[in-house]
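Grab a pencil and have a go at these exercises on a protein model. Try each task yourself before you read the solution under it.

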Amino acid sequence: MSLAVRITLLRQLTRVDLVRFGPKLAEALVTRSHQVKTRRSFVPRRTAAADEAVALYRRLVQDRPGRHEVGLARALVAQGSVPDDRTVESALAQAREAIGYVENATDRDGLVVLAAAQLMVAMQLRSDAPRDALPLADQARETWLRCAPLGARERMELARSLTVLGYCRAVLGDSAEALAAREERRSSCSGGFPSGHGWSTCPHDWRR
């Protein structure tokens, strides 16, 4: 069954039973919001899917507090990740709201969403406010490590966290730590992690 057909069917079922089918519909919508197509015209569909998922999870959280906050946080991260014409301030607000729902998470699902939200804030702040982005990137790194073992996509997100971390450290003049972040990023991409500092590597072009 295609995702589009699944969403259509789940919409019909959700009208009958929100509690049973609402979470399944919301997760299918989040999945659709992540789909990347070459056509620019597909972006509004991704935006609409993320918006619908957030709205649906808000209803679920209101109806059953304490059960769907992780899902809402995941939908907020998806909403802020769509490359549409919304502002940086909007993306920051979505990510910070998401962090509020999962900042005390101990289960893996919550930690994955927390790491993604922390990285989103760091990504949005890195150019104009690297000093503010730095601790969020470091927190994202630490949260991803708490999720180990990581899958391929999660290792990629850890690598992105380390890229932002290294960029902020370089901009703020801490070249040694920027190099450490670069080397750790290389290690994370290959599935391993360095045990210490002091690696020998070129001090330039750490972002490659």
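**Exercise 1: A charged residue under cover**

Glutamate 157 has a relative accessibility of 13%, so it counts as buried. Keep in mind that the model you're looking at is a predicted one.

*Task.* Find which helix holds glutamate 157, and which residues it touches beyond four places away in sequence.

*Solution.* Start with the place: glutamate 157 sits in helix 8. Next, check the burial: the cut-off for buried is under 20% relative accessible area, and glutamate 157 comes in at 13%. Finally, look for partners. Skipping residues up to four places away in sequence, glutamate 157 touches Leu119 and Trp144.

**Exercise 2: The largest pocket**

*Task.* Work out how much space lies in the largest pocket, and which residues lie nearest its centre.

*Solution.* Take the space to begin with: about 880 Å³ lies in the largest pocket. Now go to the lining, which is made of 35 residues. Nearest the centre of the pocket you'll find His34, Val77, Ser81, Arg153 and Glu157. Then ask which elements give two or more residues to this lining: they are helix 2 (18-34), helix 4 (69-81), helix 5 (88-102), helix 6 (108-125) and helix 8 (152-171). Helix 6 has the largest share, with seven residues. Last, sort the lining by class, and you get 15 nonpolar, 10 polar and 10 charged residues.

**Exercise 3: The nonpolar core**

*Task.* Say how many residues the largest nonpolar core has, and which of them have the most contacts inside it.

*Solution.* Here's the background: in soluble globular proteins, nonpolar side chains tend to be buried together. In this model, the largest nonpolar core has 52 residues, and Val121 and Trp144 have the most contacts inside it. Now trace where the core comes from. At least two residues each are supplied by helix 1 (3-16), helix 2, helix 3 (43-63), helix 4, helix 5, helix 6, helix 7 (130-146) and helix 8. Helix 6 gives the most, with 11 residues. To finish, zoom in on valine 121: leaving out residues up to four places away in sequence, it touches Leu92, Ala95, Arg96, Ile99 and Leu136.

**Exercise 4: Stepping back**

*Task.* How many helices and how many strands does the protein have, and where is proline 149?

*Solution.* Count the elements: there are nine helices and zero strands. Then find proline 149, in the loop between helix 7 and helix 8.

Conventions
Residues numbered from 1 in each chain as written. Predicted model: local features only at pLDDT ≥ 70, side-chain atom pairs only at ≥ 80, totals over all residues. Heavy atoms only, no water. 1 Å grid on protein atoms, 1.4 Å probe; cavity = no way out; pocket = protein on both sides within 12 Å on 5 of 7 lines; lining within 4 Å. Points joined across faces, edges and corners; volume = space filled by probe spheres on them. Nonpolar A, V, L, I, M, F, W, Y, C, P; charged D, E, K, R; others polar. Core = buried A, V, L, I, M, F, W, Y, C linked by side-chain atoms within 4.5 Å. Buried < 20%, exposed > 50% of the residue type's maximum accessible area, 1.4 Å probe, protein only. Contact = heavy atoms within 4.5 Å.
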